[in-house]
Amino acid sequence: MSATADHAEERTNPAARLGFQPEQVVQEIGYDDDVDQELREAIEEVIGSDLVDEEYDDVADAVVLWFRDDDGDLTDVLVDATTYIEEGGSILLLTPKTGRDGYVEPSDISEAATTAGLSASKSVSVGKDWSGSRLVTPKAAKSGKK
């Protein structure tokens, strides 16, 4: 594919824009009826396979985490999610946009990410109802997995 085609795909496919790559194993956590199906399909198109669910028993390259304000403690959920991904992997934290049921304050996301040992690299709109925060694990800090 030409560089021009690559750039065109990044603009049209939100999954490519979010950094997903072909052949990645992407684990999905927090799936429910309210998730953005178009985004899920776009990610599967880029990676070339289905998303794996919470029962997947190996490490993934990335995690897609759907989280709503009433889903529990965000810090705990993020710490758990880091055990599912490769060293240096990323978590795409998806939360409802402002004014939607389950909205999570950006300050809460930042605090939970920091406490969980993650760095937020960017926040993006990923659909009409969801915002995404790309969180990355430190490459050197991951020692053993549970």
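I began with Arg40 and Glu28, whose side chains form a salt bridge with N and O 2.7 Å apart; the term stands for a side-chain nitrogen of Lys or Arg within 4 Å of a carboxyl oxygen of Asp or Glu. I then placed the two partners: Arg40 belongs to helix α3 (residues 37–47) and Glu28 to strand β1 (residues 26–29), so that the bridge links distant parts of the chain, 12 residues apart. Helices (H or I, at least four residues) and strands (E, at least two) are taken as DSSP runs, numbered from the N terminus. I noted that Arg40 and Glu28 are both buried. Buried denotes under 20% relative accessible area, exposed over 50%, and partly exposed the range in between (1.4 Å probe, protein chains only).

I record that the model is predicted, that local features need pLDDT of at least 70 and side-chain atom pairs pLDDT 80 or more, while totals for chains, interfaces and linings use all residues. Residues are numbered from 1 along each chain as its sequence is written, and side-chain values use heavy atoms, with hydrogens and water left out.

**Further salt bridges**

I looked up how many salt bridges the structure holds, and there are five. Another of them joins the side chains of Arg100 and Asp129, again at 2.7 Å from N to O. This pair also links distant parts of the chain, 29 residues apart: Arg100 sits in the loop between β3 (85–96) and α5 (106–115), and Asp129 in the loop between β4 (119–125) and β5 (130–136). I found Arg100 partly exposed at 34% relative accessible area, and Asp129 partly exposed at 26%. Asp129 has a further salt bridge, to Lys128, with the closest N and O atoms 3.5 Å apart. Lys128 itself is exposed, its relative accessible area being 65%. I also noted one network, in which salt bridges with shared partners join Asp34, Arg68 and Asp71.

**Helix α4**

Which residues of helix α4 are buried? I listed Leu74, Thr75, Leu78, Ala81 and Thr82 for this helix, which spans residues 74–82. They lie on the same side of α4, because they cover an arc of only 125° around the axis, the arc being that of the directions from the helix axis to the C-beta atoms. I then followed their packing, which is against β1, β2 (60–66), β3, α5 and β5. Contact here means heavy atoms within 4.5 Å. At the start of α4, I found a side-chain oxygen of Asp73 within 3.1 Å of the backbone nitrogen of Thr75.

**Leu39 and the tryptophan pair**

I turned to Leu39, a residue of helix α3, and found it buried at 1% relative accessible area. Leaving aside residues up to four places away in sequence, Leu39 touches Pro14, Leu18, Trp66, Leu94 and Val126. Its C-alpha atom is 9.8 Å from that of Trp130, 91 residues apart along the chain.

I searched for aromatic pairs, that is, rings of Phe, Tyr and Trp (its six-membered ring) with centres within 6.5 Å; planes under 30 degrees apart count as stacked, over 60 as edge-to-face and the rest as tilted. The count came to one. The ring centres of Trp66 and Trp130 are 4.8 Å apart and their planes stand at 80°, so the pair is edge-to-face. Since Trp66 lies in strand β2 and Trp130 in strand β5, the pair ties together parts 64 residues apart in sequence. I noted that Trp66 is buried at 1% relative accessible area, and that Trp130 is buried at 2%.

Note on methods
A polar contact is a pair of N or O atoms within 3.5 Å; within protein, one must be able to donate a hydrogen and the other to accept it, and residues adjacent in sequence count only if both atoms are side-chain atoms.
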